[in-house]
Amino acid sequence: MPLAAHDLISSNAFFAAMRLLATELTAMFDENPRLMSIFASHQRWLMAQLGLSLHYRRDPGDPAKGLYARRFVAAAVEHRIASRNTAAAFIQEMLAYRFARHSDNPPNNRMRPLEPTDVTVQSVVKWLYAHLSILDHLDGGARAAVLAEDPALFARLQPAIARGILESAEVRNPGETFNLFTWANSGGVVMDCFIAMIEDFDPDAARTLVGPISPADICDRYMISKTHLKRLLNKAAAVGSVGFENVSGRNALWLSQGFVREYLTYQAEKFAIIDAAFHRQSASAPAVRELTAVP
């Protein structure tokens with residue numbers, strides 16, 4: 001059976017797994033900052049998931065189904081992801097940076113379907129592989145190996161994952177501080193950076209210490225302005241979600257229990273959606289076992 005969100009978030013192993021994921025996601029950002037910036041804000045991530053799902057749900061027998069600019073814009077508005085102008089601008093940006101292209105084999109001369117380029121597909125497959133690997137760490141499964149052995153599985157999984165994400169209130173709106181960061185450009189990867197830096201975690205503690213941070217390094221690495229980062233931290237501090245304390249003579253960042261809980265809730269719901277889709281689509285997936293500690 002797939003892992004449920006409440007089982008994930010109640011597991012003692014889950015935070016360590018999310019710290020491992022955060023480390024992998026920040027490393028992926030370093031490899032291709034321009035492409036990974038698509039996933040670094042919640043709105044752009046949702047639009048990317050939507051676009052990919054339209055592409056992979058295409059039907060050769062029905063040329064109207066597939067990824068078309070007009071269809072994408074309408075779906076983005078329908079799912080309350082973005083305005084028409086924002087969705088249209090996103091498509092144009094994907095074309096300009098060659099993360100998407102017009103198909104070389106349109107169904108006819110009047111229709112111009114879009115498709116992700118190879119570099120985009122490789123990136124999102126790597127993203128999914130990282131998530132399946134984390135699930136395997138948690139229960140000893142072999143989901144990542146199944147994907148590696150059957151790359152075509154990604155095309156079957158992605159629409160189901162996207163549908164689950166777009167329909168999940170917990171993923172779309174996990175909490176005030178999480179939303180503050182993740183709806184800002186590069187805010188999501190900044191959160192991942194903070195989580196990756198945590199060495200000691202006590203779920204019952206009011207605060208979790210991140211440690212000293214370098215705003216300049218964060219801004220340079222994650223393509224966020226100093227003004228923007230300062231504004232995010234100030235807004236989060238105003239609601240008691242982050243702050244600084246003196247540790248060995250240095251200012252160290254801390255995150256509130258509520259902020260960390262929002263992050264873990266979001267991740268648990270997302271992982272449950274991914275695992276449910278995997279189990280539905282892959283009959284060869286091995287049975288999952290009880291959660292074990294991450295090595």
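A: Start with the surface. This is a predicted model. In it, R57, K65, R163 and R280 form a positive surface patch.

Q: Where does R163 sit in the fold, and is R163 buried or exposed, or in between?
A: R163 belongs to helix 9, residues 153-166. Its relative accessible area is 44%, so R163 is partly exposed.

Q: What does R84 contact beyond its neighbours within four places in sequence?
A: With those neighbours left aside, R84 is in contact with V73, A74 and V77. As for R70, its C-alpha atom is 9.4 Å from that of R84, and the two residues are 14 apart along the chain.

Q: Now the paired charges. How many salt bridges does the whole structure hold?
A: A salt bridge needs a side-chain nitrogen of Lys or Arg within 4 Å of a carboxyl oxygen of Asp or Glu. A search of the whole structure finds nine. One of them joins D30 and R221, at 2.7 Å from N to O.

Q: Why does the pair of D30 and R221 tie together parts that are apart in sequence?
A: Look at the helices. D30 lies in helix 2 (residues 14-31) and R221 in helix 13 (residues 215-222), so the bridge ties together parts 191 residues apart in sequence. D30 is partly exposed, at 38% relative accessibility. R221 is partly exposed too, at 37%.

Q: Which residue forms a salt bridge with R101?
A: E115 does, with the closest N and O atoms 2.9 Å apart. R101 lies in strand 1 (residues 100-102) and E115 in strand 2 (residues 114-116), so this pair ties together parts 14 residues apart in sequence. R101 is partly exposed, with a relative accessible area of 33%, whereas E115 counts as buried at 17%.

Q: What about D275 and R143: how far apart are N and O in their salt bridge?
A: The distance is 2.7 Å, N to O, between the two side chains. This pair links distant parts of the chain, 132 residues apart: D275 is in helix 15 (residues 257-281) and R143 in helix 8 (residues 143-149).

Q: Are D275 and R143 buried or exposed?
A: D275 is buried, at 0% relative accessibility. R143 is buried as well, at 2%. Now follow the shared partners. Salt bridges join D136, D139, R143 and D275 into one network.

Technical notes: Residues numbered from 1 in each chain as written. Predicted model: local features only at pLDDT ≥ 70, side-chain atom pairs only at ≥ 80, totals over all residues. Heavy atoms only, no water. Contact = heavy atoms within 4.5 Å. Patch = residues over 30% accessible without salt bridge, like charges linked within 9 Å, V, L, I, M, F, W, Y side chains within 5 Å. Areas by Shrake-Rupley, 256 points an atom, 1.4 Å probe, with all protein chains shown as cover. Lys, Arg positive; Asp, Glu negative; His and termini not counted. Charge placed at Lys NZ, Arg CZ, Asp CG, Glu CD. Helix = DSSP H or I, 4+ residues; strand = E, 2+ residues; numbered from the N terminus. Buried < 20%, exposed > 50% of the residue type's maximum accessible area, 1.4 Å probe, protein only.
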